[in-house]
Amino acid sequence: MLLAACGGEEATDEGDETEEDQEFTLEELGEYDGQDGNDAYVAVDGVVYDVTDVAEWDGGEHAPAGGLEAGEDHTEEIEEAPHGTDVLEDLPTVGTLEE
């Protein structure tokens, strides 16, 4: 946080993009596979979620679902999952998937 020199107001970098504003291509999303120290992200309905700290996604693989991998769009798979989209409500979002 920077303070403006004389006015005591916060200076902002309006051009900075926060993680929540990031737009991912499928290729970029694939880099977040939860392998080799990478964070684990998944996309559902155009929203990218961080599943890095979710035990069921340990190592970037969702074993309960037959081995779904992080770094991919799982919109179709979640529709067939017994938990549906309810599990997404508590996950942090990091951006959107480019259409």
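Q: Where is Asp45 found in this predicted model?
A: Asp45 sits in the loop between β4 and β5 (47-50).

Q: Why is Asp45 called exposed?
A: Exposed means over 50% relative accessible area. Asp45 has 55%, so Asp45 is exposed.

Q: What makes the phi of Asp45 worth a remark?
A: Most residues other than glycine have a negative phi. Asp45 is not a glycine, yet its phi is positive, about 55°.

Q: Which loop holds Asp36, and what is its phi?
A: Asp36 lies in the loop between α1 (26-29) and β4. Its phi is near 50°, a positive value in a residue other than glycine.

Q: Why does Asp36 count as exposed?
A: The cut-off is over 50%. Asp36 has 80% relative accessibility, so Asp36 counts as exposed.

Q: What makes Ala40, Val42 and Leu91 members of a nonpolar core?
A: A nonpolar core joins buried nonpolar residues through side-chain atoms within 4.5 Å, and buried means under 20% relative accessible area. Ala40, Val42 and Leu91 belong to the largest such core, 10 residues in all. Trp57 and Ile78 are also among them.

Q: Which residues does Leu91 touch, leaving out those up to four places away in sequence?
A: Leu91 touches Tyr49, Asp50, Val51 and Val54. A second, separate core of seven residues includes Leu29, Tyr41, Val94 and Leu97.

Q: How do the residues lining the largest pocket divide?
A: The lining has 14 nonpolar, three polar and two charged residues. Of the 19 lining residues, Trp57, His62, Ile78, His83 and Val87 lie nearest the pocket centre. The pocket volume is about 370 Å³.

Conventions:
Residues are numbered from 1 along each chain as its sequence is written. This is a predicted model: local features need pLDDT of at least 70, side-chain atom pairs count only at pLDDT 80 or more; totals for chains, interfaces and linings use all residues. Side-chain values use heavy atoms; hydrogens and water are left out. On a 1 Å grid over the protein atoms alone, a cavity is a set of points where a 1.4 Å probe fits but cannot get out, and a pocket is an open set with protein on both sides within 12 Å along at least five of seven lines; lining residues have an atom within 4 Å of a point. Grid points are joined across faces, edges and corners, and a volume is the space filled by probe spheres set on the points. Ala, Val, Leu, Ile, Met, Phe, Trp, Tyr, Cys and Pro count as nonpolar, Asp, Glu, Lys and Arg as charged, and the others, Gly among them, as polar. Buried means under 20% relative accessible area, exposed over 50%, partly exposed in between (1.4 Å probe, protein chains only). Contact means heavy atoms within 4.5 Å. Helices (H or I, at least four residues) and strands (E, at least two) are DSSP runs, numbered from the N terminus.
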